[in-house]
Amino acid sequence: MEYTQLDFARFETRFLRLAERPTQITEPIRFEISIASLNNPPKYDALSYCWGDTLQISTIEVDGRSVEVSKNLAEALFNAGLEVGDHIWADAICIDQSNLYEKSYQIMRMGQIYSQAEQTVVWLGNEARYSKYAADLLADRRIRRSAESFLRGRNISWMNPFTESLRTSDNSMAANEVAFRDAVKDHTFPARALQGLRELLSRPYWERAWIIQEISKARRLTIKCGDLQLDLNALLYVSHKAADVSARTRSLLDAIINFRIQEQRGPGAFNRMSLYEAIMQSRYSLAKDERDKVYALLGLTSDGSDLIPTPTYTESIEQIWLNLTKAIIQSRRQTNVLLLSRWAPLAYRFPKMPHWAVDWNDIAYNVPPWLASRAKKSPDALLQSHELLGSKIRIRGRHIATINTVEGQGFSSVKSPRRRTSVFSARGEINNRALNLMNTFQSMISGKFLTGEHLETSLGSTDLTDALARMIRDADKGMPSVNYNFVPICEVLYRLGRVVIQDPIWHWAKEYNSSRSSESSTIESGDSLGRQFASPAHDKTTLSLPRRELVRRPRSSPPLSPPVPPPKKQFQRGTPIKASPTVQGGDIGAIDGKRQTAVTETLASPSPSPVEVPPSPNPGMPPIAAFRYWELVLKSLDTYPEFPLRFAVTNDDDLIMACDGARPRDEIYDLDHSSLPVLLRKSPMGDYRLVGEVCLGRSANGEWNLARESSDDPFGPIFGPESPTRSSTISGKSMFTSEDWLTLTIGLDLNTIMY
């Protein structure tokens, strides 16, 4: 096909005008090329489709000449509902794909082309076996109403993603769930309808990078699947309700929802995502040319034209990714691009590239989910430019804490505290320290790492501590002492037991259990003074190691018999406790009782249908509900095997989760450019090396707590970090930022640091 040169100065583009419509799909459809300026275009439709298998070819006629196109495109044009004389825009024909300069120009006009079209016709392909049953379900009035409610909630959540109070109400969510179930139940063939939905949502169309802009920019959408016409809002809504829809598919559809909401709010740059955020949200999308995974987003972002002024297909891929990384780093926007370079370094594919460069085509599955979440926006005035020095970067940072211990380190030769003081005073002191530490330890785990909505329980804090201590000892023994779901959380329990606070937590859990058993024995034995007497079995010089260590070291002392269950105290039952991510536990190092902070116990508001705590089968043990509570909490701490995290304790006695490779004396910093806290290791030369990221805690929606909270003061951006009144909250500590910022030189080498 021969193309006439476009006048770029007049913003010209090509359109297909239908010359003759065939009566059969086997006959070629006939078009004429029409060139017009986008400043004064004819009325036209825009086509959104998947190019499909290039080996399946069909023929159409353009200006009297046969043109080979993909079979899917020919079917899309035939089913677009055009009449003779109508205009339509389709990228495969209206862009000269062999002219790289024209291709770059047309890409810059794609947003304008789709936003000015009378309608955008989305072609999903021909009908499958159960597509008509899915279409009937999507047309149900209850589904449509629920879809509108669902998208309204997403609109509020998108505008305020970090404001919990503006989420869709529980009643609305429950009503939507009931409406979906009723619609499925009342369908004539519910199983076929659900299978049809799964098939529609798994089509290759949703994976194409360019459809995000095509759908988001559209004035009006018409979704076609063969002769069927579908409702997009209903289809996006049921993607969250239908079973067997992969997380990747939901992520792709969520990106479409968020971008479409963004564009419907208005064209202002203030309402739009940054290019970095857009890339992370659409990271699972695919494109024939990997550059298009970024180019397809330029018209949807607030800074796309600044970071990539002119899309080009003549420059090498590695140079484009290098330039993009450098532009994002120097953009004074808060991102996690420095951490991203550790997970998807461009130097893996192109060894000559600097280590701070990111391979933007390799971030779909090689990046942990906490780096892919939407970064919290901070005013640009807070950030300063950074200097790139080869494989190093000079950047401002603020010290948060220093790692004191890391799980599994420093307990192999721990001595028993029973030999440190006299018999009578030592037992009381050890028991008090164990009680204080375990109470505060369980409080901090619940308060800092509990995800999901606020979890309310009628259990007391003593019940929760009793259950946690027993579960940690169960992980040591390799079997549960109570009938709870032990297997999914045994690894997390074992790792928590290896956290060291002077002694390993598994030792403090054993001391705690022993203390609680002693209380029970004392009450049952009738000793009115509550005195405790030492036994010969206590006179040991070393602690027994956890069972998993017995492969390398023999047990130095015979195993202790199971402790006597603690007594059931009336005041421990029925005390409402509300644990949420907003609750900050005390310092876990406060084992002497000086800084002890237990979980706050508050009276819960009356519930119309209260849930009673089921009694434990053993009256001396915590109720089963306490073990169920920890099942929910600890499952969220079971990190991905491919993205390992380790528990660590800072010099401020805070429990955190650090990247694999963390060591004692590594320093936690809040960098000027990163929204997450980072872990740095000081080198003998005085500079630092980037080790990885740190989780100081998690919010209710599962997102990691950020290093810096954005200021709600509208005048904050004027002063920036030098404002004498601006402060940040990090891990529950308020720190003024006027004098804490330092200039750091950080190395971004790929190899593990060996200092």
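The following exercises, each with a worked solution, concern a predicted model of a protein chain.

**Exercise 1. Confidence**

Determine what the mean pLDDT of the protein chain is and which stretches have pLDDT below or under 50.

*Solution.* Begin with the chain as a whole: its mean pLDDT is 76, and 72% of the residues reach 70 or more. Next, consider residues 156-170, where the pLDDT is below 50; this stretch has 20 contacts in the model beyond near neighbours in sequence. Then turn to residues 525-619, over which pLDDT stays under 50. For residues 525-619 the model has 199 contacts beyond four places in sequence. Where pLDDT is low, predicted coordinates should not be read in detail.

**Exercise 2. The surroundings of His87**

Decide whether His87 is buried or exposed, and identify what it contacts.

*Solution.* First, locate the residue: His87 lies in strand E6 (residues 87-89). Its relative accessible area is 15%; because buried means under 20%, His87 is buried. Beyond neighbours within four places in sequence, the contacts of His87 include Phe15, Leu16 and Arg17, as well as Ser34, Tyr44 and Leu82. A polar atom of the His87 side chain also lies 3.5 Å from the backbone oxygen of Gly85.

**Exercise 3. Helix H3**

List the buried residues of helix H3 (residues 100-108) and state what they pack against.

*Solution.* The buried residues of H3 are Glu102, Lys103, Ser104, Tyr105, Gln106 and Ile107. They pack against strand E1 and against helices H2 (91-94), H4 (110-116) and H13 (292-295). At the start of H3, a side-chain oxygen of Asn99 comes to within 3.2 Å of the backbone nitrogen of Tyr101.

**Exercise 4. Positive phi values**

Describe where Phe11 and Asp63 are found and how accessible each is.

*Solution.* Phe11 is a residue other than glycine with a positive phi, near 55 degrees. Phe11 belongs to the segment before E1. With a relative accessibility of 28%, Phe11 counts as partly exposed. Asp63, likewise not a glycine, has a positive phi of about 55 degrees. Asp63 sits in the loop between E4 and E5. Its relative accessible area is 47%, and Asp63 is partly exposed.

**Exercise 5. Nonpolar cores**

State how many residues the largest nonpolar core has, and examine the contacts of Leu493.

*Solution.* The largest nonpolar core has 181 residues. Those with the most contacts inside it are Ile60, Trp206, Leu324, Trp360, Leu493, Trp630 and Ile746. Leaving out residues up to four places away in sequence, Leu493 touches Leu468, Met471, Ile472, Ala475, Tyr484, Phe486 and Leu634.

Key
Residues are numbered from 1 along each chain as its sequence is written. This is a predicted model: local features need pLDDT of at least 70, side-chain atom pairs count only at pLDDT 80 or more; totals for chains, interfaces and linings use all residues. Side-chain values use heavy atoms; hydrogens and water are left out. Helices (H or I, at least four residues) and strands (E, at least two) are DSSP runs, numbered from the N terminus. Buried means under 20% relative accessible area, exposed over 50%, partly exposed in between (1.4 Å probe, protein chains only). A polar contact is a pair of N or O atoms within 3.5 Å; within protein, one must be able to donate a hydrogen and the other to accept it, and residues adjacent in sequence count only if both atoms are side-chain atoms. Contact means heavy atoms within 4.5 Å. pLDDT is the predictor's confidence in each residue, from 0 to 100. A nonpolar core is a set of buried Ala, Val, Leu, Ile, Met, Phe, Trp, Tyr and Cys residues joined through side-chain atoms within 4.5 Å.
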